[in-house]
Amino acid sequence: MPEKGARVILSPPGPNLSASWETLADGLQVQRLALHLPQLREQLLAPPSSIALFAQTPPSTLTARPAPLADASAEAVIDQAGLQHWLHMPAEYGTTDAGTNPLAASADQVAATLLGGVTDRTVRVAVAAVCTASAWWTGAFAVIRHLGVHHTSLQPVDTAIALKTLQSATSIVALGTAQRILSEQLRTASADEAVRIAYCRAVTESIVVESRLPGLLDELGELRLVDLVSTSIPWRGRFTKYAGGTGAGQVE
């Protein structure tokens with residue numbers, strides 16, 4: 001304890017443990033995408049006929065480039081939430097003239113659900129942008145899913161995946177990124193009550209989907225997709241694998 005009358009200098013608070021794990025997870029997604037860009041390009045040029053999903057959905061549509069964000073204020077909000085990479089990667093590596101991403105509607109529905117009553121245009125644009133980008137990230141990893149390994153056995157994945165499963169995964173990823181935008185607004189800006197309610201909706205939705213998450217992860221199976229989805233929203237198993245050690249790094 002300091003002596004009576006002594007000055008106590010407090011250091012600024014550092015990031016909490018959850019934020020540190022979140023930063024690690026963000027870096028993991030970018031690293032994996034960067035490592036597997038050659039495989040992604042190969043699959044877009046020569047889609048595998050053995051994957052049932054791709055017989056109905058061209059891989060290029062799953063990685064269709066989202067519309068560019070032309071709102072500097074919204075971009076600043078996204079940057080402040082630490083999600084610059086979330087928009088940068090789709091803008092740089094998304095395919096053009098590929099049609100509509102079949103996962104985009106699931107992402108857009110998340111934004112529409114959360115933003116009811118929100119009139120702050122900057123917040124609306126920022127949330128919508130990160131949700132749309134979530135469809136691209138899910139689609140990009142889905143395209144190279146069959147080239148990966150199972151998240152628990154680390155054995156090659158040779159099963160097909162349904163479009164409905166990918167749509168569910170997209171919804172969860174979009175929910176997590178939208179929640180990060182809303183949380184950052186409440187923490188750093190004088191957000192109005194509508195934004196606060198939108199954040200509460202996001203938290204509630206996260207609680208609701210948690211019971212379905214283990215089953216969805218089993219359906220996804222593949223390591224990169226599982227990590228993308230499981231680290232996107234706050235839940236009890238979010239960073240368990242990384243806290244306890246994982247063989248995923250050896251595989252990559």
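Modeller: First, a term: helices, of at least four residues, and strands, of at least two, are DSSP runs, numbered from the N terminus. Also keep in mind that this is a predicted model.

Biologist: Fine. How many helices and strands does the chain come to?

Modeller: The chain has 14 helices and zero strands. Read from the N terminus, the elements run α-α-α-α-α-α-α-α-α-α-α-α-α-α.

Biologist: What percentage of the residues is buried?

Modeller: Of the 252 residues in the chain, 46% are buried. Buried here means under 20% relative accessible area.

Biologist: And what share of the contacts with a separation of 6 or more is between residues 24 or more positions apart?

Modeller: That share is 81%.

Biologist: Now the start of the chain. At what angle do α1 and α2 cross?

Modeller: Two packed helices are described by the angle between their axes and the distance between the axes. For α1 and α2 (residues 37-45), the axes cross at roughly 60° and come within 4 Å. That angle makes α1 oblique to α2.

Biologist: Which residues make the contact?

Modeller: On the α1 side they are Leu33, Ala34 and Leu35, and on the α2 side Leu37, Pro38, Gln39 and Leu40. By class, this contact has six nonpolar residues, one polar and no charged.

Biologist: There is a histidine between those two helices. Is His36 buried or exposed?

Modeller: His36 is in the loop between α1 and α2. His36 counts as buried because its relative accessibility is 13%.

Biologist: How far is Gln29 from Trp86?

Modeller: Gln29 and Trp86 are 9.6 Å apart in space, C-alpha to C-alpha, and 57 residues apart in sequence.

Biologist: What lines the largest cavity?

Modeller: The lining has 14 residues, and those nearest the centre of the cavity are Asp26, Trp86, Arg180, Thr231 and Ser232. The elements that give two or more residues to this lining are α1 and α9. By class, five of the lining residues are nonpolar, five polar and four charged.

Biologist: And the largest pocket? What is its volume?

Modeller: The largest pocket has a volume of about 600 Å³. It is lined by 19 residues, and the closest to its centre are Asn16, Ala19, Glu22, Ser183 and Glu184. Two or more lining residues come from each of α1 (17-35) and α9 (163-188).

Biologist: Which element gives the largest share of the pocket lining?

Modeller: That is α9, with six residues. As for class, the lining of the largest pocket has five nonpolar, eight polar and six charged residues.

Biologist: Last topic, the loops. What is the phi of Leu154?

Modeller: Most residues other than glycine have a negative phi. Leu154 is not a glycine, yet its phi is positive, at about 60°. Leu154 lies in the loop between α8 and α9, and counts as partly exposed because its relative accessibility is 29%.

Biologist: And where is Ala64?

Modeller: Ala64 is in the loop between α4 (59-62) and α5 (72-80). Its relative accessible area is 11%, so Ala64 is buried. From Ala64 to Ala91 the C-alpha distance is 9.5 Å, and the two are 27 residues apart in sequence.

Definitions and conventions:
Residues numbered from 1 in each chain as written. Predicted model: local features only at pLDDT ≥ 70, side-chain atom pairs only at ≥ 80, totals over all residues. Heavy atoms only, no water. 1 Å grid on protein atoms, 1.4 Å probe; cavity = no way out; pocket = protein on both sides within 12 Å on 5 of 7 lines; lining within 4 Å. Points joined across faces, edges and corners; volume = space filled by probe spheres on them. Nonpolar A, V, L, I, M, F, W, Y, C, P; charged D, E, K, R; others polar. Axes fitted to C-alpha atoms, helices over the stretch in contact; angles between N-to-C directions. Parallel < 35°, antiparallel > 145°, perpendicular 65-115°, else oblique. Contact = heavy atoms within 4.5 Å. Buried < 20%, exposed > 50% of the residue type's maximum accessible area, 1.4 Å probe, protein only.
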